[in-house]
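Open the model in your viewer and keep the selection tool at hand. The stops below go from the whole chain to single residues.

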Amino acid sequence: MDELPKEYEPAKVEPKWQRWWEERGIYRFDPDRKGPTYVIDTPPPYPSGEFHLGTALNWTYMDIVARYKRMRGYNVFFPQGWDCHGLPTEVQVEKKYGIRKGELPPERFRELCVRLTEENIEKMRREMRSLGFSIDWSREYRTMDPSYFSRTQLSFVRLYKQGRIYRAEHPVNWCPRCETAIADAEVEYEEREGRLYYLKFGLEGGGEVLIATTRPEYLPACVAVAVHPEDGRYRGYVGKRVEVPACGRKVEVIQDREVDPGFGTGMVMICTYGDKTDVRWVARHGLPVVKLVDERGRMTEEAGRYAGLGVEEARRAVVEDLKREGKVVREEVVRQSVGVCWRCKTPVEILVKRQWFMRVLDLADRVVEEAGRVRWVPEHMRQRLVDWVRSMDWDWVISRQRIFATPIPVWYCKGCGEVVVAEEDQLPVDPQRDRPRGRCPRCGGEEFEGERDVLDTWMDSSITIAVHAGWPDLDPRLFPADLQPNGTDIIRTWDYYLLVRHLALLGQAPYRTVLINGMVFGEDGRKMSKSLGNFIEASSVYGRYGADALRQWSVLAASTGSDVPFSWKEVIFGYRFLQKLWNAVRFAAPHLRGAGGPEGLNLRVVDRWILSRLQAVIDRVTSLLEDFQFNQALITLQSFVWHEFCDLYLEEIKYRLYGGRAEEVRYVLREVISKVCRLLAPFIPHLTEEIYQNHLREEGYLSIHLAPWPSPDPGRVDPEAEKTAELLHRILGVIRQFKSSRSIPLSGELRELRIFARPSVLERLKEVEEDLRATAHLRELYLSSERPELEERWVGVEPDLSRLGPRLRSKLGKLVRYLEEHGPEVARRLEEGPVTLELEGERVELGPEDVRVKKEVRYGGEGVEVFRLQEPEIILLLRP
């Protein structure tokens, strides 16, 4: 065998094994195999073309699970999909080509979306392969493919037949920039600075009232004024009318318990629609609707002289006019939570539009109930879903006014307006090109207009689990999914939509366990973002230190579900661990091939100790991975490899390897390295494969990732060996510290070590006497149960200058000279407490904490270094 390079080189090793795994189909799901399956519903990312550290974190978590379960004997189903449709792609196309969706024919715009999506998928696929994710690429899917979106359309048809999908005119969240309706879950909230204006409203019959608002541009849409019924200030105003400034409309003062008497003046205007509270008030009191804002965020004719202005422009114009008319009493700067589009961050408006909806509010209790049966990791993340479900006011608006999305499989009869839904065996359809079958069921007409709206992209990605399982012909081995992994940011979208859609379609929760990862923050402590200048591409990390180092950062940076700060220091630590393991294997490599089994071997204490500790590590790591505590599992492994195996065991067996007594050591080395590499394989798949293929292939598995997961061997657990080895390690630790303090190399020889302890302790030490002598490089070693007769004498006192300098200032030099001459005497007096010294007529107070007393200890007439250990009590006398 060629000698291994001195350093592990990820840039050479990792691509080699990535190609090898793919060529041999190491990670493919076997549909013909008997036995248990494990299904991971991989979140299909939007193909942005960027694979950032947050995505790397998410996929590392799920890949660890996939690799672990595969080694536990599961037939793992780990596909990769791409959530192609929707706003993100369209916005990216618009930015790339400097166009808006309406400026090109729909088919041409769709072609640009498909082209960009294909390019971005290829970039991200390369990134994912470079990180060594054990994805079954033969199961790759794209939601824009007809084979997939036909299932989206099928789900629409079936839910429509159930009465769960309907079309109605209703207030919806609307993005003026994207010109489409968006669901509640797609509205994000940002803290922004606004202004609260106190305005005069004329009171019918004379007088005025003050009303405060942050949205004066909505005055032309004011349809009522409301007060709380128990607000005594306004009881006499209820039922009266006020004149709205800027438009002159007269509206009634009504009562509603949802009014907050503490906001502004306690009297509020109800507009259509300033916010969702307005929507509730209008519905509750049967108020008229004024359509003030259009689809592009411009004021309609209802705004009078402000028609045609954008919302912000209208606000400024209204305020200027009101100030000129003396209607603005005062204004205040306020912080307000503004709803914005999740994609373009434009403030959303609430418009009344005819849209398609899925009825979900009536499923709220069932969703919460099923969420309670699902395992959540961490457990508290379940509450985020529950809180979201309980906060919902509206059904899910599933139609969008965009182009690149799944067509809604519906036509409208031109004669009578009847809705005609596609037949199931007709799917997939594009109602702009295809025709429905037959005549209109209502009037017999033959002319139809295809639905132009398209489906929300979440209608695609919320059925991934059913699609994986072959729906509508479900494979029970693949449904429900065993693992649903995603970030905290999409609990209210993906986790919710998956659950509510599968409950509606199949009556069953689609996943058993939800695994949540946190968000990645930059080294500056802020959420990682290009706009903040703290964004780091995954490729810039693994390009320098390798994928296995980046994977270790993903695991070690935080506990499962917690937000994760990026740290180059952690990545470098991961890289150093790879080198540590590589060097250990490089040292052991000449002794691994042909190593025999344990039969007939006389294992020494240190051999039995490391094997016993190995069983504990196997047991703990297995338990932690079952509990998805990846960071603790990896910490356990790194500590064992670095400190117990490398720093202790390898140092303690070198003399046996070089002294011709290697059979036991060779067996133990192979056993430990083999088991450790399997335990580490889910975390650092490339290095462990490299070690396995070069040194462990005799075990007979095509890949380490197809080898069985280790099980602890109770017969190898040896508490007595662990106790004895612990004594050995404590003593060796003292000797290492001593050598370090004297600048003696670890391989440097010491003249003599005497150990004094009770007989039971000495009996243990006799078992490792040879290991201690050889590892510490001792010329002489003596063990005794007698107490040593030691002579102590003071040889000097060294002042603590950091304490005494500021206090004594000019006297410090006198003190140093005095201690050089009278050190032993001062040391003896300090044994009894503080002393007062006469320094050339000046008194100086000195306490034991102000100095370091130097003693000389002698044994048998010679000086020695004394070290004392407790529990059990051991005295060590060292002569260098």
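Helices (H or I, at least four residues) and strands (E, at least two) are DSSP runs, numbered from the N terminus. This is a predicted model, in which local features need pLDDT of at least 70 and side-chain atom pairs count only at pLDDT 80 or more, while totals for chains, interfaces and linings use all residues. Residues are numbered from 1 along each chain as its sequence is written, and side-chain values use heavy atoms, with hydrogens and water left out.

**The whole chain**

Now look at the outline. Along the principal axes, the C-alpha atoms fill a box of roughly 115 × 85 × 45 Å. The radius of gyration of the protein is 38 Å, whereas a compact globule of 880 residues would have one near 29 Å. That radius is taken over C-alpha atoms, and the globule rule is 2.2 Å times the number of residues to the power 0.38. Of the 880 residues, 56% are buried; buried means under 20% relative accessible area, exposed over 50%, and partly exposed in between (1.4 Å probe, protein chains only).

**The cores**

Select L53, F630, F645, Y649, L753 and L772. These have the most contacts inside the largest nonpolar core, which has 146 residues. A nonpolar core is a set of buried Ala, Val, Leu, Ile, Met, Phe, Trp, Tyr and Cys residues joined through side-chain atoms within 4.5 Å. Helix α17 (residues 630–658) gives the most to this core, with 14 residues. Next, centre on F645. Beyond residues up to four places away in sequence, F645 touches A584, I610, F640, L650, L669, V672 and I673; contact means heavy atoms within 4.5 Å. Another core, of 123 residues, lies apart from the largest one and includes Y148, W411, W458 and A509.

**A six-stranded sheet**

Six strands form an open sheet with mixed pairing, in the order β27-β26-β33-β32-β31-β28. Two strands pair if DSSP finds at least two bridges between them. Which strands stand at the edges? They are β27 (778–784) and β28 (791–799); each has a single partner strand, so one side of each is left without a neighbour in the sheet. Follow β28 to strand β31 (residues 851–859): the two run antiparallel and are joined by eight bridges. Here E792 stands opposite V857 in β31. Then select helix α21 (residues 759–767), which packs on the sheet and touches β26 (750–756), β27 and β33 (874–879). The direction of α21 makes about 150° with that of β27; axes are lines fitted to C-alpha atoms, for helices over the stretch in contact, and angles run from 0 to 180 degrees between N-to-C directions.

**Single residues**

Go to V419, in strand β19 (residues 419–421). V419 is partly exposed, with a relative accessible area of 23%. Its contacts, leaving out residues up to four places away in sequence, are Y160, W356, V410, W411 and Y412.

Most residues other than glycine have a negative phi, and most peptide bonds are trans. Select L427 and P428, which are joined by a cis peptide bond with omega about 5°. P428 is in the loop between β19 and β20 (448–450).

Is F628 buried or exposed? F628 is buried, with a relative accessible area of 4%. Its phi is near 60°, a positive value in a residue other than glycine, and F628 lies in the loop between α16 (605–626) and α17.
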